[in-house]
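Hello,

Here is the structure I promised to pass on. Please look through it with the notes below.

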Amino acid sequence: MKTNNKISRTFLGFLMASILIWFLITLSKEYIITISFPIDYTGISKDKILQTTPEKELDIVVKASGFKILKTRLNTKQITINAAKLNSKKGATYFVLPRTQKTSLQKQLPSGLVLQEIIKDTLYLDLGSLVTKKVAIKPNVNIKYHVGYDVSGDIKIQPDSILVYGPENYISTLKNVEMKPLVLSDLKTDFEENVALKMPKDIKNLKFNKQEVTVTGKVEKFTEGTLMVPYKIINVPENLKINTLSKKVSIVFIVGLSHFNKITANSFQVVCNYNTSQKNNLNYLVPKVISKPDLIKSYKIIPNKIDFLIEK
């Protein structure tokens, strides 16, 4: 039994040694084989940009020992294609001929590999003119304020526009650049938030001179006020006299607490246009605010209809 085990171990040893010898002999031989190398395009003019992804790999037929081929396959290095001198095909399509760079490619191959042939004779590049365009920022703000609070004035976005660099045919279709969503809730204090910009999904190879914008706003407590404001009736024919029961309307307005005392009856101008009532066959006047302070958030007029009598 022991003898059989000893024979088996001896046999396995010879088998492994034979395989190793065969493997070394095989690798020591020379072969001609095709290897795919990743491509790095260099030398493209600064006023041009790739509009689509070009060929990523170049198949090259090489002659080398099995050892060199195995080493190259385990660690395939990138090769450089010089795109400084391009041939124009049509429109934005250009091409480069790898065979004209055979000497350069041979120098880039790992030691021991001899270039025999380049499989693909033409590499096409879709190049567009690189242009710059100033584009507005599109807000994407969702803010919920604490009860009784609101933004005072306008929400500001800085900068309100950015410079976008990219292919001319893409840039011409770009109308604005949208912010990523800014969501705030139960807000009752001033805010300042840095928000990233969204890269358009349908346009490639764009670059922004700014990657984010700053959104700011002043928040304060708002209150309601009411004022009695006199109104004027305009466009009344000279031969008519218009009488109304009241000479004033009530204006209910919302304003920031800090500005409440700045709002007076003189801050508003209200008119009733007799022509409007006549043209629309109305038997009442419609009061309209034609001047109001910028400080107020909103307002309403009470009543919104004024009955009148005509005295000839």
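A residue counts as buried when its relative accessible area is under 20%. Ser161 has a relative accessible area of 17%, so Ser161 is buried. Please keep in mind that this is a predicted model.

Ser161 first. Ser161 belongs to strand β11, which covers residues 161-167. Its side chain makes a polar contact with the side chain of Asp160, at 3.4 Å. Beyond its neighbours within four places in sequence, Ser161 contacts Lys134, Val135, Ala136 and Ile137.

Now the overall picture. The protein has 312 residues, and 31% of them are buried. It contains 5 helices and 23 strands. Take the contacts between residues at least 6 apart in sequence: 73% of these join residues at least 24 apart. The exposed surface comes to about 20500 Å². Carbon and sulfur atoms supply 52% of that surface.

Next, a sheet. Four strands form an open sheet, in the order β4-β1-β3-β7, with mixed pairing. Its edge strands are β4 (79-82) and β7 (114-118), and each of them pairs on one side only. Neighbouring strands in this sheet are turned by 45° against each other on average, direction ignored. Helix α2 (residues 66-74) packs on the sheet and touches β1 and β3. The direction of α2 makes about 30° with that of β1. Inside the sheet, β1 (residues 30-42) and β3 (residues 57-65) pair in the antiparallel sense, over 9 bridges. Thr34 stands opposite Val61 in β3.

Which residues form the covered face of strand β17? They are Ile242 and Thr244. Lys241 and Asn243 form the uncovered face. The strand spans residues 241-244. β17 pairs with strand β23 (residues 306-311) in the antiparallel sense, over 4 bridges. Ile242, from the covered face of β17, has Ile310 as its bridge partner in β23.

Then the aromatics. How many aromatic pairs does the structure hold? There are 4. One of them joins Tyr274 and Phe308, in an edge-to-face arrangement. Their centres are 6.1 Å apart, with 80° between the planes. Tyr274 lies in helix α5 (residues 274-279) and Phe308 in strand β23, so this pair ties together parts that are 34 residues apart in sequence. Both partners are buried: Tyr274 has 4% relative accessibility, and Phe308 has a relative accessible area of 14%. Phe308 is thus in β23, the strand that pairs with β17. Elsewhere, Phe253, Phe260 and Phe268 form one aromatic cluster.

Last, Tyr149. Tyr149 is in strand β10, residues 149-158. Is Tyr149 buried or partly exposed? Tyr149 counts as partly exposed, at 24% relative accessibility. The under-20% cut-off for buried residues therefore leaves Tyr149 out. Leaving out residues up to four places away in sequence, Tyr149 touches Leu187, Lys188, Val219, Glu220, Lys221 and Phe222.

Best wishes

Notes
Residues are numbered from 1 along each chain as its sequence is written. This is a predicted model: local features need pLDDT of at least 70, side-chain atom pairs count only at pLDDT 80 or more; totals for chains, interfaces and linings use all residues. Side-chain values use heavy atoms; hydrogens and water are left out. Helices (H or I, at least four residues) and strands (E, at least two) are DSSP runs, numbered from the N terminus. Buried means under 20% relative accessible area, exposed over 50%, partly exposed in between (1.4 Å probe, protein chains only). Contact means heavy atoms within 4.5 Å. Accessible areas come from the Shrake-Rupley method with a 1.4 Å probe; for residues, only the protein chains shown count as cover. Two strands pair if DSSP finds at least two bridges between them. Axes are lines fitted to C-alpha atoms, for helices over the stretch in contact, and angles run from 0 to 180 degrees between N-to-C directions. A polar contact is a pair of N or O atoms within 3.5 Å; within protein, one must be able to donate a hydrogen and the other to accept it, and residues adjacent in sequence count only if both atoms are side-chain atoms. Rings of Phe, Tyr and Trp (its six-membered ring) pair if their centres lie within 6.5 Å; planes under 30 degrees apart count as stacked, over 60 as edge-to-face and the rest as tilted.
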